[in-house]
Amino acid sequence: MYYIIEHDIRPDGIVNTSETGRSTFASALSFYYSRQSKLVMDTTFVSAHLMLVEENLAIVKQDDVETLYQPEGE
């Protein structure tokens, strides 16, 4: 089993957290890159942090994602 852990940082500083499980490495990696590509284009969150881990929480991949968020008035 593999898990994709996602932290989305909102402009007010609150962190939205989600965890998604996938049974194979291929499907987990596919989901990971799908989320990463969507977050890059996001204007809701200031940034996001993704981590792909194995069952025992060994980190396979991790990324800090810069989004397209722009504060109002800029």
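Student: Which residues does Gly 21 touch, not counting residues up to four places away in sequence?

Tutor: Contact means heavy atoms within 4.5 Å. By that rule, Gly 21 touches Met 1, Tyr 2 and Tyr 3. This is a predicted model, where local features need pLDDT of at least 70 and side-chain atom pairs count only at pLDDT 80 or more, while totals for chains, interfaces and linings use all residues. Residues are numbered from 1 along each chain as its sequence is written, and side-chain values use heavy atoms, with hydrogens and water left out.

Student: Where does Gly 21 lie, and what separates its C-alpha atom from that of Tyr 3?

Tutor: Helices (H or I, at least four residues) and strands (E, at least two) are DSSP runs, numbered from the N terminus. Gly 21 lies in strand S2. Along the chain Gly 21 and Tyr 3 are 18 residues apart, yet 4.4 Å separates their C-alpha atoms. In the sheet, Tyr 3 stands opposite Gly 21.

Student: How do S1 and S2 pair?

Tutor: Strands of a sheet pair through backbone hydrogen bonds, either parallel or antiparallel. Here two strands count as paired if DSSP finds at least two bridges between them. S1 and S2 have eight bridges and pair in the antiparallel sense. They form a hairpin with five residues between them, and Gly 13 in the turn has a positive phi of about 95°.

Student: Which residues stand opposite Asp 8 in S2 and in S3?

Tutor: Asp 8 stands opposite Asn 16 in S2 and opposite Ala 48 in S3. S1 and S3 pair over eight bridges, in the antiparallel sense. Seven bridges join S3 to S4, also antiparallel, and one of the bridge pairs is Leu 52 with Lys 61 in S4. S3 and S4 form a hairpin with four residues between them, where Leu 57 in the turn has a positive phi of about 70°.

Student: Is His 7 buried, exposed or partly exposed?

Tutor: Buried means under 20% relative accessible area, exposed over 50%, and partly exposed in between (1.4 Å probe, protein chains only). His 7, in strand S1, counts as partly exposed at 32%. Gly 21 is also partly exposed, at 28%. Apart from neighbours within four places in sequence, the contacts of His 7 include Val 15, Asn 16, Ser 47 and His 49.

Student: Which residues of H1 are buried?

Tutor: They are Ala 28, Tyr 32, Gln 36 and Leu 39. Seen down the helix axis, the buried residues fall within an arc of 70°, so they line one face of H1. That arc is taken from the directions from the helix axis to the C-beta atoms.

Student: Against which strands do these buried residues pack?

Tutor: They pack against S1 (2–9), S2 (15–22), S3 (47–54) and S4 (59–66).
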